[in-house]
There are 2 protein chains.
Amino acid sequence: MTKEQNSYTVTFLPSNKKTEVQAGTTLLAAARTTGLHINASCGGAGVCGKCRVLLEQGNITGGKSEKLSDEEYQQGYRQACISDINEDVTIRIPEESGRQKGGLGTDIPLRHRARMHVFNIDDLRQEGIFAPPVEKLFLTLTKPEIHDNRADVGRLIQGLSDQLNKHRMVTGLPVLRKIRRALREKDFNVTVTLELPVNDKSKSNILNIQPGRWDHRTFGIAIDIGTTTIYGVLLDISSGKILAQESTYNPQMSYGEDVIARIIYAEKPKGLALMQELVTDSINGLIGNMLQKAMPPEDCGHGRITRDEINSITIAGNTTMTHLLLQLEPDNIRRSPYVPVSTFFPPLRATDINLQLPSHCVALLYPAISSYVGGDIVAGVMGSGMYRTEKVTLFIDVGTNAEIVIGNKEWLACAACSAGPAFEGGGITHGMRAVEGAISDFSLNPETLEPMNITEGDKAPLGICGSGLLIIVATLFEHGVLNQSGKFNDIESPHIREGRSGREYVLAWKDECAADHDIVLNEVDIENFIRAKAAIFAGVTTLLEQVGLQVSDLEQIILAGGFGSYIDLDSAMSVGLLPEVDPDKIIYVGNGSLMGAWMSELSNHIRKDVVQVVRKMTSFELSEVAEFKDHYVASIFLPHTDSSLFPESEQRRKRQSR
Amino acid sequence: MTKEQNSYTVTFLPSNKKTEVQAGTTLLAAARTTGLHINASCGGAGVCGKCRVLLEQGNITGGKSEKLSDEEYQQGYRQACISDINEDVTIRIPEESGRQKGGLGTDIPLRHRARMHVFNIDDLRQEGIFAPPVEKLFLTLTKPEIHDNRADVGRLIQGLSDQLNKHRMVTGLPVLRKIRRALREKDFNVTVTLELPVNDKSKSNILNIQPGRWDHRTFGIAIDIGTTTIYGVLLDISSGKILAQESTYNPQMSYGEDVIARIIYAEKPKGLALMQELVTDSINGLIGNMLQKAMPPEDCGHGRITRDEINSITIAGNTTMTHLLLQLEPDNIRRSPYVPVSTFFPPLRATDINLQLPSHCVALLYPAISSYVGGDIVAGVMGSGMYRTEKVTLFIDVGTNAEIVIGNKEWLACAACSAGPAFEGGGITHGMRAVEGAISDFSLNPETLEPMNITEGDKAPLGICGSGLLIIVATLFEHGVLNQSGKFNDIESPHIREGRSGREYVLAWKDECAADHDIVLNEVDIENFIRAKAAIFAGVTTLLEQVGLQVSDLEQIILAGGFGSYIDLDSAMSVGLLPEVDPDKIIYVGNGSLMGAWMSELSNHIRKDVVQVVRKMTSFELSEVAEFKDHYVASIFLPHTDSSLFPESEQRRKRQSR
């Protein structure tokens with residue numbers, strides 16, 4: 001391991017485990033990366049005082065709250081969760097902070113995150129896929145005189161043909177309204193913006209004309225409208241570089257957390273118009289922020305990028321989000337037989353959907369497959385490269401709905417399964433989104449059942465987010481605290497008690513956390529979690545069956561979406577959320593929807609291919625496949641009724657069982 | 001001559017000339033059609049009292065003002081100009097009303113109007129040119145169910161393909177926003193409006209969708225934006241029938257009479273926007289009036305035609321009018337080298353130019369050739385059929401500018417010549433447009449030089465319009481009152497006197513007319529007229545030379561525009577406005593611009609052919625052709641310096657000379 005800049009070595013005694021961490025990492029987080037358990041209920045807020053460790057060499061920043069006496073501090077004790085590492089240090093984990101039985105520093109399972117797939121513009125270039133749909137061309141036209149007094153537009157088109165070998169042009173009113181001044185302002189030196197046709201038979205569109213030299217300034221925007229969050233990137237189309245990226249809360253949230261609630265709101269008088277206004281306002285704000293942040297490319301004296309320079313915007317979102325953006329009535333999306341208004345969307349003017357972009361700006365919407373397999377998934381299939389790989393691939397985007405795609409460059413099958421909101425914190429007593437204070441990582445002292453809670457932002461715990469829920473359930477299950485039905489075994493522990501919804505495990509006591517109550521996970525929560533993972537697994541199994549494949553045929557699994565980035569693969573396989581495969585086959589692509597939108601901004605190949613991909617994608621309505629129900633029932637179990645499907649999970653339980 | 005309904009026979013004594021006229025025609029007008037001169041200065045207002053005739057048989061309506069005593073009335077005298085014919089009558093023209101020398105009822109030249117070319121939809125059908133660009137189709141779609149839950153748009157497109165063999169569709173946001181309700185309102189019975197592609201390779205566009213049965217209701221609008229008047233027709237696209245037609249004053253008139261004045265106004269701050277607003281407001285009003293007047297075709301219970309049912313509008317106008325409508329800066333149209341912004345215009349949404357038409361309505365603008373050969377002329381070439389005839393044709397549209405096109409289906413050459421406003425009443429002391437009170441027809445008592453003025457609307461004279469000007473000059477010239485330089489010969493008459501601008505002929509005395517002065521035509525007026533006709537004739541001559549032809553090669557002359565309908569062909573050839581050809585070769589097509597717009601509404605062939613026609617039309621800038629100046633100078637003469645070009649004119653003068 002080469003030592004990176006600003007990274008330091010932490011040595012944990014007595015196990016002598018070493019780890020390299022970035023400056024500012026807490027000792028608690030550092031211990032987690034080595035697979036060492038330190039009791040820590042308060043997740044990094046410094047209030048439980050359980051995570052005290054002994055500093056043997058070097059110095060750390062912080063490390064003391066009122067839970068630690070001055071005398072203890074003098075002796076070298078530090079609270080691991082509030083100790084920031086800024087140099088190489090050696091730390092001893094005392095008995096009470098680590099395992100209480102089985103020796104100090106005994107292993108706890110390391111987290112196996114999926115390998116991150118990094119989008120690389122050079123790869124696109126090498127594959128010949130980088131083919132910007134918009135290009136800017138500078139040219140000097142001859143000046144009109146009485147023997148050559150053709151119209152301004154005719155002169156421009158002739159110039160493009162004669163000088164640049166660009167033929168077959170169309171243009172629109174915005175250019176017609178600007179061209180007279182544009183030509184004459186800089187003595188017939190102009191820059192034109194061409195939108196190249198996706199189809200060779202079509203014509204190029206002169207999108208814009210600017211006086212003087214503006215080539216090398218070709219900008220576009222890609223947007224992912226998530227149900228919760230809207231993400232955007234501002235792109236330099238000629239180089240493929242990202243100039244800015246931003247995200248913002250989807251303000252429709254105030255009118256309903258999930259798509260069904262949004263549709264219900266949109267059915268009210270003026271509801272649809274409001275939904276549209278909210279999302280366009282957000283996108284407009286997002287664009288403004290990106291333009292403010294973006295450093296323009298080096299150019300001949302032009303300054304910041306303005307809205308007027310945005311020539312195209314590509315937007316991906318699920319089918320409901322797309323309908324709301326376009327102000328299409330989403331009513332039938334939520335009613336059987338679940339019919340959207342449209343699954344493909346013509347190229348629009350950005351101004352048609354009230355985006356504050358110039359009148360010549362083109363807006364492309366990612367096509368969808370069905371009411372519940374939307375443009376976000378199609379974008380994910382495009383962005384992740386799944387549509388052009390030979391490997392038989394399983395693509396999963398987990399949210400309130402989990403969308404599943406199986407296939408490769410030859411064929412694609414897809415389905416949506418209603419997982420319920422458990423992975424987004426819904427239906428879980430103390431569930432929450434992955435924001436500050438959410439318990440997102442966890443380990444267990446198998447003797448005392450004392451937790452090690454790691455929270456988002458190292459804040460006092462406020463609840464449990466999706467990735468936390470998964471790892472907590474998996475850990476409790478692996479250690480035999482939960483049985484295969486998701487019920488608590490008969491174990492005596494101060495952390496396990498009878499609650500209002502069956503038995504429950506206490507993750508953090510009221511005085512250790514930011515909530516005004518103990519944070520618990522109860523049997524009803526676990527049941528909801530199991531139903532959610534069962535829906536996904538049954539979906540995968542059913543879809544595999546429909547295409548005549550087995551888990552062993554999968555050569556690759558692509559995880560997309562916010563949840564996928566934090567998922568502990570071992571936990572996911574332990575509980576039967578994902579099928580057991582070699583973790584190396586699993587990659588995480590992040591926001592696949594945004595990536596697809598972004599690639600469409602950069603490549604006419606993608607714009608063209610997406611039409612074929614959508615035609616190729618066979619959609620299965622799982623509720624209509626008889627076997628789905630059986631698979632679902634068989635999956636409402638940890639990990640599955642058929643434990644032979646999860647041999648590894650059984651081994652893991654055997655190893656870790658108390 | 002077969003007797004038409006509501007037409008009556010008038011017999012004039014002593015010549016025994018008979019004429020058939022429509023009910024309500026005045027005796028004065030009836031006499032004119034027989035070639036009989038009746039003195040009449042006041043043009044039909046009944047104030048000069050010179051036009052008294054004797055009723056010998058039958059009765060007439062009116063016929064008496066204070067200029068006629070009760071006693072005279074009892075004797076059978078009537079004032080011809082206020083006598084309406086409503087039955088067969090016999091009339092005697094007394095000495096004082098007719099010629100005073102040469103016998104009663106001696107011939108005056110009859111007017112030779114050009115044969116009217118009537119637009120006939122059946123001819124189009126026979127030629128295979130009638131091919132409506134928009135069609136409506138009724139279809140019943142299968143209803144969605146869980147095993148067939150494709151999107152609404154997908155269902156429609158599949159239905160069009162399966163049931164009607166219509167493939168390759170696109171659509172837009174307006175249809176996407178309506179389709180959900182449209183499908184379900186009448187149980188999946190819908191009518192779709194298809195815009196068929198001009199080019200076979202392109203896709204059809206689903207313009208609109210309506211619940212239930214609405215086929216046989218396909219409407220479109222054609223508009224001609226004249227500098228003075230805007231004309232419109234509302235068309236039934238499926239049958240080709242006219243449902244209503246309207247015209248209205250172009251309100252831009254208040255900001256300038258001709259295109260140059262409008263351009264100057266448009267160059268002022270907010271001037272262009274105002275010019276656009278004025279013309280669109282007028283068109284919107286015109287459409288409203290047409291919709292109100294139109295009787296809808298028989299249908300299944302739908303009532304009046306609404307704006308929402310208009311699917312397309314085609315607009316033709318000269319280059320400046322088109323620029324103002326589209327809000328394109330017209331500045332360079334009036335400045336050498338006379339460069340318009342564009343000569344072709346992409347298909348627009350009607351709403352883009354603020355027309356109050358539905359969001360799906362397509363607006364087509366006729367392409368132009370140059371700054372002064374506009375879309376109105378191209379439309380005339382299309383509408384008159386010139387572009388598909390084998391006959392070598394001269395097409396002339398006379399207004400402030402005269403546009404000339406020579407050619408046939410193989411080739412076309414065009415030019416504009418600045419005739420000045422004489423033919424529209426400009427630059428003529430008592431010139432006016434062809435509205436009520438304008439002297440539009442004229443004959444002369446060669447002995448007394450007493451006029452027979454016939455006015456628009458049979459009102460007291462207010463001034464002289466273009467067609468009146470032509471016939472007055474020609475008549476004065478033919479009778480030797482004017483010499484070949486357009487100066488008055490030395491003739492003693494109360495009607496000829498010295499005025500402020502040289503000598504002048506008095507057409508009507510102050511007390512006989514609606515003006516507060518005598519109405520005269522002076523030598524300066526005549527000079528202006530000669531310059532105007534010289535410009536046109538020189539233009540025709542130059543253009544013929546440029547294409548290597550002579551007048552004798554012309555197989556057909558097409559006159560277009562408002563002036564052309566009233567033009568007396570003999571007069572036009574007498575003064576050298578038109579070359580001398582067999583009058584049977586001359587046809588009048590009326591408003592060629594409107595006709596072209598209208599045919600584009602009805603035929604995709606025309607929409608396709610116009611692109612080729614525009615490419616084919618070679619434009620000549622007359623000011624740059626050296627010979628033009630020579631031809632012009634040679635033409636500033638009545639009829640021409642080279643009188644061998646006008647042998648017929650000379651003959652006519654010899655016959656009629658005093």
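This is a predicted model: local features need pLDDT of at least 70, side-chain atom pairs count only at pLDDT 80 or more; totals for chains, interfaces and linings use all residues.
**View 1. Overall fold of chain A.** Chain A is built from 17 helices and 30 strands. Its C-alpha atoms occupy a box of roughly 100 × 60 × 50 Å along the principal axes. Among the contacts in chain A with a separation of 6 or more, 67% join residues 24 or more positions apart.

**View 2. Relation between chains A and B.** Chain A is superposed on chain B by a rotation of 180 degrees with 0.1 Å of shift along the axis, at an RMSD of 0.3 Å. This is the relation of a two-fold axis. The copies meet through the same surface, because 100% of the interface residues of chain A are also interface residues in chain B.

**View 3. The side of chain A that touches chain B.** The contact draws 37 residues from chain A and 37 residues from chain B. Three elements of chain A, namely α4 (152-164), β10 (169-171) and α5 (173-185), each supply at least two residues of the side that touches chain B. The element that gives the most to this side is α5(A), with five residues. By class, the side of chain A that touches chain B comprises 17 nonpolar, ten polar and ten charged residues.

View 4. After the helix comes N165(A), with a positive phi near 60 degrees.

View 5. Helix α10(B) runs over residues 466-478. From its first C-alpha to its last, this helix of 13 residues reaches 18 Å, close to the 18 Å expected at 1.5 Å a residue. The helix is mostly covered, with 13 of its 13 residues buried. Within the residue range of the helix lies V473(B), one of the residues that touch the most other members of the largest nonpolar core. Residues up to four places away in sequence aside, V473(B) touches L482(B), I526(B), F529(B) and V575(B). The helix is followed by G480(B), which has a positive phi near 75 degrees.

**View 6. Surroundings of T11 in chain A.** T11(A) is placed in strand β1 (residues 7-13) of chain A. This residue counts as partly exposed because it has 18 C-beta neighbours inside 10 Å, whereas a buried residue would need 20 or more. Leaving out residues up to four places away in sequence, T11(A) touches N16(A), K18(A), T90(A) and I91(A). From T11(A) to S342(A) the separation is 331 residues in sequence and 59 Å in space, C-alpha to C-alpha.

Conventions: Residues are numbered from 1 along each chain as its sequence is written. Chains are lettered from A and ligands numbered from 1 in the order in which they are written. Helices (H or I, at least four residues) and strands (E, at least two) are DSSP runs, numbered from the N terminus. Two residues are in contact if their C-beta atoms, placed from the backbone, lie within 7 Å. Copies are superposed by least squares on the C-alpha atoms of residues with pLDDT of at least 70 in both. Ala, Val, Leu, Ile, Met, Phe, Trp, Tyr, Cys and Pro count as nonpolar, Asp, Glu, Lys and Arg as charged, and the others, Gly among them, as polar. The expected span of a helix is 1.5 Å times one less than its number of residues. A residue is buried if 20 or more other C-beta atoms lie within 10 Å of its own, exposed if 12 or fewer, and partly exposed in between; C-beta atoms are placed from the backbone. A nonpolar core is a set of buried Ala, Val, Leu, Ile, Met, Phe, Trp, Tyr and Cys residues joined through C-beta atoms within 7 Å.
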